[in-house]
Amino acid sequence: MSKANEPVLSVTAKDVRRVPAQALVVGVGKAAGGPALIDSPLPPKASAALSGSLALLGVTGAVDQVHRLPGLPEIDAEMLVLVGVGDVSNGVQLSPEALRRAAGSAVRQLAGTGSVALALPAGTVADAAAIAEGALFGAYSYTEHRSSSAASAAPVRDITVITPAADERGLPEALDRARILARAVNSTRTLVNQPPSHLYPETFAAAAREAARGLPVKVTVWDEKKLEREGFGGILGVGKGSSRPPRLVKVEYAPAKAKAKLALVGKGITFDSGGLSLKPAAGMQTMKCDMAGAAVVLNAVLAVAALGLPVKVTSWLCLAENMPSGTAQRPSDVLTMYGGKTVEVLNTDAEGRLVMADGLVAASQEEPDALIDVATLTGAQMIALGNRVSAVMGDEGVRDAVKAAADRAGELFWTMPIPEELRASLDSQVADISNHGERFGGMMTAASFLREFVGESGGSPIPWAHLDIAGPAFNEGAPYGYTPKEGTGVAVRTLVAYAEDVVARSE
Ligand code: BES
Ligand code: MN
Ligand code: ZN
């Protein structure tokens, strides 16, 4: 999403009756006694009449339920929209994430409507910001390759958050943060949605340069010759089968008063056919998403730079296309990775760990305080945690800090172990390690492979966490909340929250 076609976002403390939007959105919850308007901002009479007919209208308050009603004589908006916020029977306040999802769901389902005002319960700056974020995530669509605009309704262009906190001091900054996060999440989605005919290592590197323009970051690109000269055997090995050569991209944000040094590594397989260990057709269908990790670390560093956080962040994008051909690597080939370790490639479909290994070694050389990698690494992640919960593994400290950041950001992550005994399943007859080990718990086996490539700083291992987002990065099902079909942008918010937490802890 380029800045130019982002929706206009504003806030107001005005009386809802006088907000001049086409649609006025009000929340409905599932209360103990049935559906109930949440903090109804409507005039008492209208409120009472509407409350009495909710059940008859089929309004239950269930999450993602949207009902459109004609406007009321008392309000300026042309249409009244009810959005479900889910269970409110326990009397507990709605969480910021519940607000984010309700706002996102309403705005997403109101595509085709020009202007939307949200009258959800936004008593605090944090709640208003969550609503703004959700609305901006919901106002997303990907239409780059449609020849006619008739096929899909245009996303909402004008969003107003109605909140009594409109004049509070922290609000402008919180809204700017929401805009920056939304740009980062939506740009990640767009990169993931890009077809592999158009997005391949070279064009991805160009897109990274373009996205970085105007921000205080430095972009360095390794082409195939430079990768060869410097010995990036993993990235080259995976890229060998493709007519489109691989790339490594480094994006550095180094503010003057940095409190800490963070390195991010992302898996950027622009298409994963499996290589000679070819995937079946069904398994290949979604494999344009296999560069999501690289898109995430790119947009996370750009967001941190846009926020001006005092933390150094360096993102490494490991870009290759995994294809079968006469020049492709073979099962049983041996690669010499960046830094010198050798890997026997027993399965060319376990390619993510090969490109990530090079990236982890390169990132380690700069001795960051923490190293976090993000990858659509294993189908086993989906078996373990499903399509909506991402995994975080690694050293306890960073791992738990990532989980805490995810909780704060409203993203679903769960910590998983890396059992010692899995490492032996990766022993190779001919090389230092093989890329294929124990199938059961395959997500953790993959993590145990990656751990071998995490370097040291001052004699001790660099604190490291590995995020497997294989399922959550790509929504194959129906849209929900603020999440569209296909690219979701998951993990960007968690990484930005992690960087913010690092800064907060240093203060
Ligand atoms: N890109 C896939 C993992 C994946 C699967 C991501 C489904 C998103 C959805 C990865 O490169 C892969 O193919 N992994 C193999 C590893 C196996 C050969 C050890 C897998 O999970 O089957
Ligand atoms: Mn694969
Ligand atoms: Zn892959």
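Start by selecting Arg189 and Tyr140: the charged end of Arg189 sits over the ring of Tyr140, 5.3 Å from its centre. A charge counts as sitting over a ring if NZ of Lys or CZ of Arg is within 6 Å of the ring centre and within 35 degrees of the ring normal. Before you click on, note that this is a predicted model, in which local features need pLDDT of at least 70 and side-chain atom pairs count only at pLDDT 80 or more, while totals for chains, interfaces and linings use all residues. Residues are numbered from 1 along each chain as its sequence is written, chains are lettered from A and ligands numbered from 1 in the order in which they are written, and side-chain values use heavy atoms, with hydrogens and water left out.

Next, pick Lys341 and Phe453. Here the charged end of Lys341 sits over the ring of Phe453, 5.4 Å from its centre. Phe453 is buried, at a relative accessible area of 3% (buried means under 20% relative accessible area, exposed over 50%, partly exposed in between, with a 1.4 Å probe and protein chains only).

**Aromatic rings**

Now look at the rings across the whole structure, where a search finds five aromatic pairs. Rings of Phe, Tyr and Trp (its six-membered ring) pair if their centres lie within 6.5 Å; planes under 30 degrees apart count as stacked, over 60 as edge-to-face and the rest as tilted. Select Trp222 and Trp316: their ring centres are 5.9 Å apart and the planes meet at 40°, so this pair is tilted. Trp222 belongs to strand E8 (residues 218-222) and Trp316 to strand E11 (residues 312-322), so the pair ties together parts that are 94 residues apart in sequence. Strands (E, at least two residues) and helices (H or I, at least four) are DSSP runs, numbered from the N terminus. Both Trp222 and Trp316 are buried. Phe449 and Phe453 form another tilted aromatic pair, with 5.1 Å centre to centre and 35° between the planes. Phe449 is buried too, with a relative accessible area of 0%.

**The zinc ion**

Move to ligand 3. The zinc ion (ligand 3) is coordinated by Lys267 (NZ), Asp272 (OD), Asp290 (OD) and Glu351 (OE), at 1.9 to 2.4 Å. Donors are N, O and S atoms within 2.8 Å of the metal (3.2 Å for Na, K and Ca); water is not among the atoms, so sites may look incomplete. The six donor atoms subtend angles of 78 to 172° at the zinc ion (ligand 3), which makes the arrangement octahedral (for six donors, opposite ones over 155 degrees apart and all others between 65 and 115). Show the manganese ion (ligand 2) as well: the two ions are 3.2 Å apart, and Asp272 coordinates both. Asp290 lies in the loop between helix H8 (281-284) and helix H9 (292-307), and Glu351 in the loop between strand E13 (342-345) and helix H10 (352-364), so the pair ties together parts that are 61 residues apart in sequence. Asp290 and Glu351 are both buried.

**Cysteines**

How many disulfides does a search of the whole structure find? It finds zero, a disulfide being a pair of cysteine sulfur atoms within 2.5 Å. Cys289 is buried at 3% relative accessibility, and Cys318 is buried at 0%.

Key: Tetrahedral: all angles 85-135°; square planar, octahedral: opposite > 155°, others 65-115°.
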